[in-house]
Number of protein chains: 2
Amino acid sequence: MSTIADVASRAGVSKATASRALSGRGYVSDETRQRVMDAADDLAYVAHSSATSLATGRTQTVGLVMPPIDRWFFAELLAGVQESLLSVDYDLSLYGVPEGTQTRERLFETVLPGRRFDGIIAVGIQPSARELERLHRTGRPLVSVGPYSEGSSAVSIDDTAAARIATEHLIELGHEDIAFVGGATDAAALSYGDAQRLEGYHGALRAAGLLAHARVVGAAPTMPGGYAATAGLLGDRRNRPTAIVGVCDEAAIGAIIAARRLGIAVPTELSVVGIDDHAHADMFALTTIGQSPRDQGHEAVRLLIRRMAEPEAPIERVTAPSSLVVRSSTAPPR
Amino acid sequence: MSTIADVASRAGVSKATASRALSGRGYVSDETRQRVMDAADDLAYVAHSSATSLATGRTQTVGLVMPPIDRWFFAELLAGVQESLLSVDYDLSLYGVPEGTQTRERLFETVLPGRRFDGIIAVGIQPSARELERLHRTGRPLVSVGPYSEGSSAVSIDDTAAARIATEHLIELGHEDIAFVGGATDAAALSYGDAQRLEGYHGALRAAGLLAHARVVGAAPTMPGGYAATAGLLGDRRNRPTAIVGVCDEAAIGAIIAARRLGIAVPTELSVVGIDDHAHADMFALTTIGQSPRDQGHEAVRLLIRRMAEPEAPIERVTAPSSLVVRSSTAPPR
């Protein structure tokens with residue numbers, strides 16, 4: 001097999017230059033890069049990245065373990081991670097946590113331990129103790145994004161506080177009958193972060209002496225989930241809440257759409273507040289607790305880079321900023 | 001540096017077994033895997049994947065080049081690609097095509113040529129001739145997802161036909177004044193696929209002798225984009241179309257939300273048809289042309305695996321299925 005020295009010699013450059021040209025890391029002129037790549041082609045030189053990583057023990061790759069990403073939060077977070085990794089010349093290996101127990105188990109037990117990356121970012125997966133142990137067993141630095149951070153550096157907003165502030169906003173407007181849309185359903189348990197949001201809702205009601213009014217409606221944390229749950233909730237005219245806290249903006253937007261379809265005016269007949277400041281929140285004039293998953297992606301990479309440099313440093317817990325954004329989906333009750 | 005032979009010897013297993021245990025490819029008992037991993041830990045054996053790929057010239061990794069993915073189509077497609085790659089034990093390196101000319105150029109000119117993967121899937125990026133040439137320069141098999149497929153195997157629906165069928169559906173219901181929401185805007189040109197959809201709309205009007213009625217409204221292919229464009233379009237009461245073709249379901253759903261806010265009933269006063277069968281289409285009772293980006297992801301991996309096995313085989317062009325899904329957002333004009 002050809003070596004980097006063969007390629008360098010054929011192209012008439014130093015080994016260091018050939019390595020820069022082939023790895024894409026560091027400056028080489030276009031003309032030189034072309035000459036080196038032609039030489040590599042001629043010699044059928046293939047495994048340059050592998051050779052580099054064999055020599056350095058580094059793969060220049062970060063593994064990202066994430067649930068299916070058809071949600072704004074995950075898409076934004078992924079974009080942030082990609083931006084930061086590109087700026088430090090790291091590649092991203094993406095591992096979607098598959099649905100179904102067996103393939104999920106296979107990912108943690110078999111696939112991840114043998115794959116190539118220098119560090120791992122795990123997003124919102126609340127791995128079981130065993131899954132977490134497997135990630136640690138890979139021996140590579142681990143950073144989580146989300147409220148679950150046992151044994152790793154982590155970044156997320158304070159989900160409990162976010163839902164508490166959202167609920168307090170409604171209480172301060174004078175609402176007493178406030179429902180929470182986005183509880184556990186028959187089909188699915190709450191995620192760890194969503195469970196903390198539910199706790200924040202209960203906490204705010206408790207502090208205001210309104211706990212007896214608590215009403216939690218099961219709903220998937222999606223627009224159709226919030227739509228269906230709210231349509232059911234508002235169907236009973238005699239027992240309608242005056243306000244709704246959505247577990248996330250997607251559920252809250254679904255609630256607004258359901259209210260409009262039923263001819264219930266938002267905010268005069270129903271106030272709705274969400275959590276996220278989703279890309280669509282502005283279009284629905286949604287009052288919400290804003291957060292930036294993209295910035296959290298940047299922060300996760302920063303934490304991981306630091307841990308890869310100093311594996312023995314103490315773990316860090318970063319609370320990402322979040323704050324109330326008042327638009328016009330909330331008002332005092334009639 | 002320790003070798004796989006050192007690890008095998010310390011763990012008391014064959015080199016083949018040690019390799020299976022560390023790569024996660026092929027069967028090893030839990031107990032053996034643990035012993036091998038302990039031995040690897042003890043010996044600080046790190047670069048196993050790299051060593052494997054140096055020996056085989058294979059990285060068992062596929063590069064996926066994709067725009068930012070905060071849209072249903074890309075998220076579903078990514079999920080399909082991941083499912084298929086997991087089933088054949090390939091890793092996924094994800095390269096988001098960054099916004100901004102300079103970082104985009106850097107990705108194609110410098111980053112991709114030097115990175116490790118056995119093949120590339122490029123999604124909806126309509127690379128310039130130069131970008132495409134750079135991808136081919138990597139010397140690795142290339143499959144594109146989308147209508148632009150110069151020189152590579154490719155899969156996508158027939159975008160022209162999809163928009164033509166959507167428009168014909170409205171014409172058959174009796175509509176003559178049909179607007180297209182999702183044309184180019186000042187800020188952005190149409191993507192190649194969206195340009196083909198616009199062509200399909202024009203083609204259907206032309207065939208029906210209605211080309212003089214064509215009205216194209218610039219809009220980003222998103223829910224807020226469709227919402228804003230439709231709000232503007234419907235604002236002039238004397239000149240309202242009776243039907244709208246959205247460039248995609250997201251734009252069409254934005255159009256429905258805008259109509260509802262203006263008190264215009266869908267479908268009695270305005271028919272709306274989209275393209276995609278987005279996860280939210282059912283919630284809005286949207287008539288649309290359905291497609292499955294997840295299946296297209298599976299197909300892209302199948303095409304790539306075949307090309308990696310036979311690099312000299314002729315390129316293949318697969319047209320993914322799409323079909324009219326009639327719900328209740330379309331009706332004859334009043």
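These legends describe close-up views of a predicted model.

**View 1. Chain A as a whole.**
Chain A holds twelve helices and twelve strands. Its C-alpha trace spans about 85 × 40 × 35 Å along the principal axes. Of the 334 residues of chain A, 55% count as buried. Take the contacts in chain A between residues at least 6 apart in sequence: 70% of them join residues at least 24 apart.

**View 2. Strands S1 and S2 of chain A.**
S1(A) covers residues 61–66 and pairs with S2(A) in the parallel sense. Six bridges link the two strands. One residue pair to find is A:Val62 and its bridge partner in S2(A), A:Leu92. S2(A) itself runs over residues 91–96. Five of its six residues are buried, so the rest of the structure largely encloses S2(A).

In chain A, the bond joining A:Val266 and A:Pro267 is cis, with omega at about 10 degrees. A:Pro267 sits in the loop between helix H11 (249–261) and strand S9 (271–276) of chain A. In chain B, the peptide bond from B:Val266 to B:Pro267 is cis, and omega is near 10 degrees. B:Pro267 belongs to the loop between helix H11 (249–261) and S9 of chain B.

**View 3. The six-stranded sheet of chain B.**
This open sheet has six strands, ordered S7-S6-S8-S9-S10-S12, with mixed pairing. Strand S7 (215–218) and strand S12 (323–325) stand at the edges. Each has a single partner strand, so one side of each lacks a neighbour in the sheet. On average, neighbouring strands are turned by 25 degrees against each other, direction ignored. Within the sheet, S8(B) (residues 243–246) and S9(B) (residues 271–276) run parallel. Three bridges join S8(B) to S9(B). B:Ala243 has B:Ser271 of S9(B) as its bridge partner.

Which strands does helix H8 of chain B lie across? H8(B), residues 159–172, lies across S6 (178–183), S8, S9, S10 (287–290) and S12 of chain B. H8(B) runs at about 160 degrees to S9(B). Helix H10(B), residues 223–235, also packs on the sheet. H10(B) touches S6, S7 and S8 of chain B. The direction of H10(B) makes about 140 degrees with that of S6(B).

**View 4. Helices H10 and H11 of chain B.**
The axes of H10(B) and H11(B) are 7 Å apart, and the helices pack at an angle of about 45 degrees. The two helices are therefore oblique to each other. Their crossing is right-handed. H10(B) contributes B:Met223, B:Gly226, B:Tyr227, B:Thr230, B:Ala231 and B:Leu234. From H11(B), the contact residues include B:Glu250, B:Ile253, B:Gly254, B:Ile257 and B:Arg261. By class, this contact has ten nonpolar, three polar and two charged residues.

**View 5. Helices H5 and H12 of chain B.**
H5(B) (residues 72–87) packs against H12(B) (residues 293–309) at an angle of about 40 degrees, with axes 7 Å apart. That angle makes H5(B) oblique to H12(B). The crossing is right-handed. On the H5(B) side, the residues in contact include B:Trp72, B:Phe73, B:Glu76, B:Leu77 and B:Leu85. These meet a set in H12(B) made up of B:Pro293, B:Arg294, B:Gln296, B:Gly297, B:His298 and B:Val301. The residues of the contact divide into eight nonpolar, five polar and three charged.

B:Asp89 lies in the loop between H5 and strand S2 (91–96) of chain B. Its phi is near 60 degrees, a positive value in a residue other than glycine. Is B:Asp89 buried or exposed? B:Asp89 is buried, because its relative accessible area is 18% and the cut-off is under 20%. B:Ala285 lies in the loop between S9 and S10 of chain B. B:Ala285 is not a glycine either, yet it has a positive phi of about 50 degrees.

**View 6. B:Arg137 in helix H7.**
B:Arg137 lies in helix H7 (residues 129–137) of chain B. B:Arg137 counts as buried, at 19% relative accessibility. B:Glu109 is 28 residues away along the chain, with 10.0 Å between its C-alpha atom and that of B:Arg137.

Technical notes. Residues are numbered from 1 along each chain as its sequence is written. Chains are lettered from A and ligands numbered from 1 in the order in which they are written. This is a predicted model: local features need pLDDT of at least 70, side-chain atom pairs count only at pLDDT 80 or more; totals for chains, interfaces and linings use all residues. Side-chain values use heavy atoms; hydrogens and water are left out. Axes are lines fitted to C-alpha atoms, for helices over the stretch in contact, and angles run from 0 to 180 degrees between N-to-C directions. Helices (H or I, at least four residues) and strands (E, at least two) are DSSP runs, numbered from the N terminus. Angles under 35 degrees count as roughly parallel, over 145 as roughly antiparallel, 65 to 115 as roughly perpendicular and the rest as oblique. A crossing is left-handed if the near helix is turned anticlockwise from the far one by less than a right angle, and right-handed if clockwise. Contact means heavy atoms within 4.5 Å. Ala, Val, Leu, Ile, Met, Phe, Trp, Tyr, Cys and Pro count as nonpolar, Asp, Glu, Lys and Arg as charged, and the others, Gly among them, as polar. Buried means under 20% relative accessible area, exposed over 50%, partly exposed in between (1.4 Å probe, protein chains only). Two strands pair if DSSP finds at least two bridges between them.
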